[in-house]
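I opened my notebook to look up a few things in this structure. Here is what I went through, entry by entry.

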Amino acid sequence: MTQQKYNAAILGGGSFGTAMASILAANGHGVSLWVRDPETAAAINLDRENSRYLPGAELPDGVMATDSLEEALSKADMVFVAIPSKAFAEVLEQARQWVPDGTLVISCTKGIYADGFLLMSELLHQYWPHTRIGVLSGPNLAKEIVEQKFTGTVIASPDSELCQTVQSALSCDYFRVYDNPDIYGVELGGALKNIYAVASGMAAAIGVGENSRSFLITRALAEMSRFAVELGANPMTFLGLSGVGDLIATCTSSLSRNYQVGFQLGQGKSLDEAVATLGQTAEGINTIKLVADKASELDVYMPLATALHEIVYKQQPLQLMIQNLMSGEYKHDVEFQLAGASQ
């Protein structure tokens, strides 16, 4: 059966937006990649690569970059939004007039919007209520995607037809797309794991062992799911690619931007120095403060997030994170049980 072809707009020419553009174009879909800067758009079209974010990765012919939102969106059947969380609402407002009713819109941003503690899908519902909304999340390091290394991801939406369409558009021999109706849980997993990638980078910088790193990652998963369930997510979502899968990738890979920032902080650099060295957005830094404040408001026990907030924003010693883990409340290893399971 011949696969249906779509016109896709990618809003955001960072590493992940560029990787999605590459897959879609290679699958035969038309792709407009929107970037803010006209010189960047011209360079991408001329050189067939995004030299700032993914140098050396050749883009398929079907990718056309533009600095015009109208041009990018004018023929789009589906829109992938890969804008940093700070600028997400601003771009949605600017682009609203060119997005027709019923357009499929997929958020690829793993962050939380500070004003109102909103996830990106909630912003989409607010600014583009006339569209059909999904979230793409998983252990998806962009550099590995464009190198065509085997990768799995999750499209989350209660709209099953949207999920099937995105699965069809993106799936190929190295990129596998699973679905999940729990849009909120999948999105929270993608946002929350960034916090713990910063923690893991810090821990690596001071030379903790593998036992310690496994301990940290496992308790991070418990902390993430505890917080997400308080906000209405399904704890089982965190056993999937957007939960434990994404957590493992970002906490163990030096390709992870949040891990890199954490590593720099662990080496004694200031937050400003660490972010400047990275030269890209590390969503985890903003998320740490938002989640620590929200956890305090909801009275959710989150020793790692709380310690990270003290370390990053109040210059407390890194040892505080280890102390919080070792001297915290005694808790069950597994907090969520299946109905009827023995306690």
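**Entry on burial.** I count a residue as buried when its relative accessible area is under 20%. The model I am looking at is predicted. By that cut-off Gly 138 is buried, because its relative accessible area is 0%. I found Gly 138 in the loop between strand S8 (132–137) and helix H6 (142–146). Setting aside neighbours within four places in sequence, I listed its contacts as Lys 110, Thr 153, Leu 241, Ser 242 and Asp 246.

**Entry on the annotated site.** I checked the unreviewed UniProt entry, which lists Lys 110, Gly 138, Lys 193, Asp 246, Ser 256, Arg 257 and Asn 258 under "binding site". From this set, Lys 110 is part of the lining of the largest cavity. Next I turned to Ser 256, which sits in the loop between helix H10 (241–252) and helix H11 (257–266). Is Ser 256 buried or exposed? Ser 256 is buried, with a relative accessible area of 3%. Beyond neighbours within four places in sequence, Ser 256 touches Leu 141, Ala 197 and Thr 250.

**Entry on the domains.** I noted the division of the chain into domain 1 (7–181) and domain 2 (189–327). Their C-alpha centres are 25 Å apart, and the contact takes 25 residues from each of domain 1 and domain 2. About 1800 Å² is buried between the two, with carbon and sulfur atoms giving 67% of that area. On the domain 1 side, Lys 110, Phe 117 and Leu 141 lose the most area to domain 2, together 33% of what that side buries.

**Entry on charged pairs.** How many salt bridges cross the interface of domain 1 and domain 2? I get 1. I also looked at Asp 246 and Lys 110, which form a salt bridge with the closest N and O atoms 2.9 Å apart. Lys 110, Lys 193 and Asp 246 are linked in a salt-bridge network.

Over the whole structure I get 12 salt bridges. One of them joins Arg 132 and Glu 161, at 3.9 Å from N to O. Arg 132 is in strand S8 and Glu 161 in helix H7 (residues 160–170), so this pair ties together parts 29 residues apart in sequence. Arg 132 is partly exposed, at 27% relative accessible area.

My last pair was Arg 213 and Glu 210, a salt bridge whose closest N and O atoms are 3.6 Å apart. Both lie in helix H9 (residues 210–230), 3 residues apart, about one turn of the helix. Arg 213 is partly exposed at 23%, whereas Glu 210 counts as exposed at 54%.

Technical notes:
Residues numbered from 1 in each chain as written. Predicted model: local features only at pLDDT ≥ 70, side-chain atom pairs only at ≥ 80, totals over all residues. Heavy atoms only, no water. UniProt positions renumbered as here; feature names shortened; annotations may be inferred. 1 Å grid on protein atoms, 1.4 Å probe; cavity = no way out; pocket = protein on both sides within 12 Å on 5 of 7 lines; lining within 4 Å. Helix = DSSP H or I, 4+ residues; strand = E, 2+ residues; numbered from the N terminus. Buried < 20%, exposed > 50% of the residue type's maximum accessible area, 1.4 Å probe, protein only. Contact = heavy atoms within 4.5 Å. Domains from an automatic or database assignment. Buried area = accessible area lost by both parts, 1.4 Å probe. Salt bridge = Lys/Arg side-chain N within 4 Å of Asp/Glu carboxyl O.
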